[in-house]
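Hi,

Here is the structure I promised to pass on to you. Have a look at it first, and then read on for what turned up in it.

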Amino acid sequence: MARPALPAEPPSDTIQRLVRRLIAFAILLTLAAIGVNQFLLDRVLHHGAIAWTQSFAAELLRREPALHTLLRDGAPDPTALARIVGVPEAVEIAGYRLLGPDGQLLYQSSATAAAPPRTQAAPPRLPQAEVPLADAEGVAGWLVVSMRETGRRAALREAFRMAQASIATFGAATLLLLLWLGLRGRREEAAAARARYLLRHDSLTGLATHAELRDRLAQALALARPTGRQVGVLVLNLRGFRDVNAVHGRATGDAVLEALALRLRTLVRREDTVARLSADRFAVVQTAIIGEEDAITLAERLAKALAEPLPLACGGGLTLSVELGLAVAPQDGQEAELLLARAEAALSAARGQPEPAIRGFEPAMDEAIRARREIEADLRQAIEAEALVLHYQPQRRLRDRRLTGFEALLRWPHPRRGMIPPAEFIPMAEQNGLIVPLGAWVIRAACTEAARWPGDLRVAVNLSPAQFRHGDLVCTVAEALARSGLSPHRLELEITESLLQEDTEDVVRLLLDLRGLGVSIAMDDFGTGWSSLAHLWRFPFGKLKIDRAFITELTRDPKLSAIVATIVGLGRILDMEVVAEGVEAEDQARILTAEGCEQGQGWLFGRPMPAEAVRRLIAEESGRASRTAA
């Protein structure tokens, strides 16, 4: 069994550890601040009480200089005691006691008659302070004062309590902030881990992606060189799989892919790697094989097993045929990229056969690989140098042939190969990721050119499904509109039915975001599949473009006229404009007009032309309209 897809990397706990430490530190700091605040309050009140007690002791000594002797004797003279009783008490003093050197009570005021001995704690509402009464001979006794809760002491306590509450509030807010940051960081790290996982593993099947396959192949090659073993690479294509989604629906297609992935895993060894390269292409890396025969044996086993019917949830079974291409290291290459390219070349040769076949790499296939690599390198340079050009095909209103806009069509004037049609280099750009920068340039260039056109003439730009999967399409469009100054309603973005077979929710969200910019969304090549009709109501389209397949034989097949009328009626119900593509004859335009089709595009109204020719055409039509009005 193949090595299972690696689990998502656990989120790095570095930030989480830091947040936890900050939370603990915030809690400790808050508790410490509250404790220090309480300590300072107690100290301030205590020092205040000591100060009042010392002041009162000084007054007692002033009134009765022989107080030390009286305390030592333990039996105060009534006359001296009367003088002591006559000393006025400050408002802060609730009462006091005089104690001898051994703690014996000699006198207490009436307010403290119920006060406990000095060795017991003072009542909470009457805090106490005591000071020694000493002379040259030493401590003669003690003055213990019970403090009254005056307004000043209460205000001081309230101020400290408010400070304590502020500290607690700040600490709680800090704690909540740190907790929120921790939860947010955990979510972000989990999302990043998920993104890293999806970069290496297919989200549907759990198989390795192309990047993961390339890395594992490089590791297998490095391990095989010292041992003299060989490494096999098999690339297989499911013939006819693209019709499964159209006929049975997306859910069935996904279930078929999951079942195929499980079957592939059970057919190979644990140390081998299975990857999903695209919707219907898979690859297997065989590690440490003895020779090419092992790779051929596995290829035959895969072809036979995958041709077995797959059960469908709706009942019955689905049979798919498999085409395989294989390459073996070291004879077919010793680098991962080269080996993969040669296995792909072998698969291309197998796909060229009328029946499903297994083809191994042959040296003659190198020329095709070299040519493809040269074109890829040239395309990359052309994109960087902005050496591609846009041509524009007119779109006209059928009832009066008024110009309504143009569709931007990409062209590549190659310095050696001449004009290369899009059908040759667009699929290549989609495979190697160049479609994202290429598509962004097309949007920018089309918006810049359309901004020069007068009136409300629109420009239509085709989007690749790859642009929805990679790159920030919404920001790209918004930036192009902002830089060019083109009004958003003059930009029309065309998508094909293949996009509807992607993640529907994500596609809907992106299309709604694009509509939020003010641009229009058009369904291109409408009517060539089932998915467009099934999901049309879910997507925010403003225009339907009838595929040219319905227009070519329109004048010779009455059924096609009925189909066109149905599509036009559907567009009217859904409040969408309808455009017919591939209009090449007046009879076709007449039938389309009779059926209520609003716009047409095709050679009858103009072939794709450079930007300069577009400007001349617009100027000529504007001049003609002015003369007619005059």
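Strand β5 (residues 230-239) and strand β10 (residues 321-329) are paired antiparallel through 9 bridges. In this pair, leucine 234 sits opposite leucine 326 of β10. Two strands count as paired if DSSP finds at least two bridges between them; the strands themselves are DSSP runs (E, at least two residues), as the helices are (H or I, at least four), and both are numbered from the N terminus.

Before you go further, please note that this is a predicted model, in which local features need pLDDT of at least 70, side-chain atom pairs count only at pLDDT 80 or more, and totals for chains, interfaces and linings use all residues. Residues are numbered from 1 along each chain as its sequence is written, and side-chain values use heavy atoms, with hydrogens and water left out.

Both β5 and β10 belong to an open sheet of 5 strands with mixed pairing, ordered β6-β7-β5-β10-β11. β6 (273-276) and β11 (358-360) form its edges with a single partner strand each, so one side of each has no neighbour in the sheet. From one strand to the next, the twist averages 20° (axes are lines fitted to C-alpha atoms, for helices over the stretch in contact, and angles run from 0 to 180 degrees between N-to-C directions).

There is also an open sheet of 4 strands, antiparallel in its pairing, with the order β2-β1-β4-β3. Here β2 (105-108) and β3 (128-135) are at the edges; each has a single partner strand, so one side of each lacks a neighbour in the sheet. Ignoring direction, neighbouring strands of this sheet are turned by 20° against each other on average. β3 pairs with strand β4 (residues 138-147) in the antiparallel sense over 8 bridges, and aspartate 135 has glycine 138 in β4 as its bridge partner.

Strand β16 (residues 491-495) runs parallel to β17, joined by 4 bridges, with glutamate 494 partnered by alanine 522 in β17. On to strand β18 (residues 543-546): β17 pairs with it in parallel over 3 bridges, and alanine 522 stands opposite lysine 543. β18 in turn pairs in parallel with strand β19 (residues 577-581) over 4 bridges, where lysine 543 faces glutamate 577.

How enclosed is β17? Of the 7 residues of β17 (residues 520-526), 6 are buried, so the strand is largely enclosed by the rest of the structure (buried means under 20% relative accessible area, exposed over 50%, partly exposed in between, with a 1.4 Å probe and protein chains only). In β18, Lys543 and Lys545 point one way, Leu544 and Ile546 point the other way, and all are buried. In a regular strand, side chains alternate between the two faces of the sheet.

Finally, a helix pair: the axes of α12 (residues 435-450) and α14 (residues 473-484) come within 9 Å and cross at roughly 25°. The two are therefore roughly parallel to each other (angles under 35 degrees; over 145 is roughly antiparallel, 65 to 115 roughly perpendicular and the rest oblique). Residues in the contact (heavy atoms within 4.5 Å) include Ile443 and Cys447 of α12 and Val477 and Leu481 of α14.

Enjoy exploring!
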